[in-house]
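Reader: Could you walk me through reading a model like this one?
Author: Gladly, let's take it feature by feature.

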Amino acid sequence: VLPAVAKRFDEETAWSYEVGFKGLLAGDRVQLTAAAFLFDWKDLQVRGQDPLTQRQFVQNAADAESRGGEL
């Protein structure tokens with residue numbers, strides 16, 4: 001049995017924001033849907049692997065953000 005592995009990373013947190021619109025145009029013949037979003041991560045956790053020992057690990061990366069929209 002392998003010994004317990006010490007926690008080496010901080011808790012990851014994220015906020016998610018989204019705003020959107022749905023509507024009918026041209027006498028209800030055309031539907032328009034639009035949305036914009038933002039994801040904001042703090043202490044993003046990433047998985048890695050040591051190339052010498054092949055052991056996997058989790059560590060914190062920098063903060064991250066994702067933005068986008070749909071139409």
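Reader: Which residue takes a positive phi in the hairpin of β1 and β2?
Author: Ala26 does, with a phi near 50 degrees, and the hairpin has 4 residues between the strands. Keep in mind that this is a predicted model, where local features need pLDDT of at least 70 and side-chain atom pairs pLDDT 80 or more, while totals for chains, interfaces and linings use all residues. Residues are numbered from 1 along each chain as its sequence is written, and side-chain values use heavy atoms, leaving out hydrogens and water.

Reader: How many bridges join β1 to β2?
Author: Strands are DSSP runs of E, at least two residues, numbered from the N terminus, and two of them pair if DSSP finds at least two bridges between them. Here 13 bridges join β1 to β2 (residues 30-42), and the two run antiparallel. Lys22, for instance, stands opposite Thr33 in β2.

Reader: Where does β1 lie, in the open or buried?
Author: Buried means under 20% relative accessible area, exposed over 50%, and partly exposed in between (1.4 Å probe, protein chains only). Of the 13 residues of β1 (residues 13-25), 1 is buried, so the strand lies largely in the open.

Reader: How many aromatic pairs does the structure hold?
Author: Rings of Phe, Tyr and Trp (its six-membered ring) pair with centres within 6.5 Å; planes under 30 degrees apart are stacked, over 60 edge-to-face, the rest tilted. There are 3 pairs. One of them is Trp15 with Tyr17, stacked at 6.4 Å centre to centre and 15 degrees between the planes. Trp15 is exposed at 58%, and Tyr17 is partly exposed at 43%.
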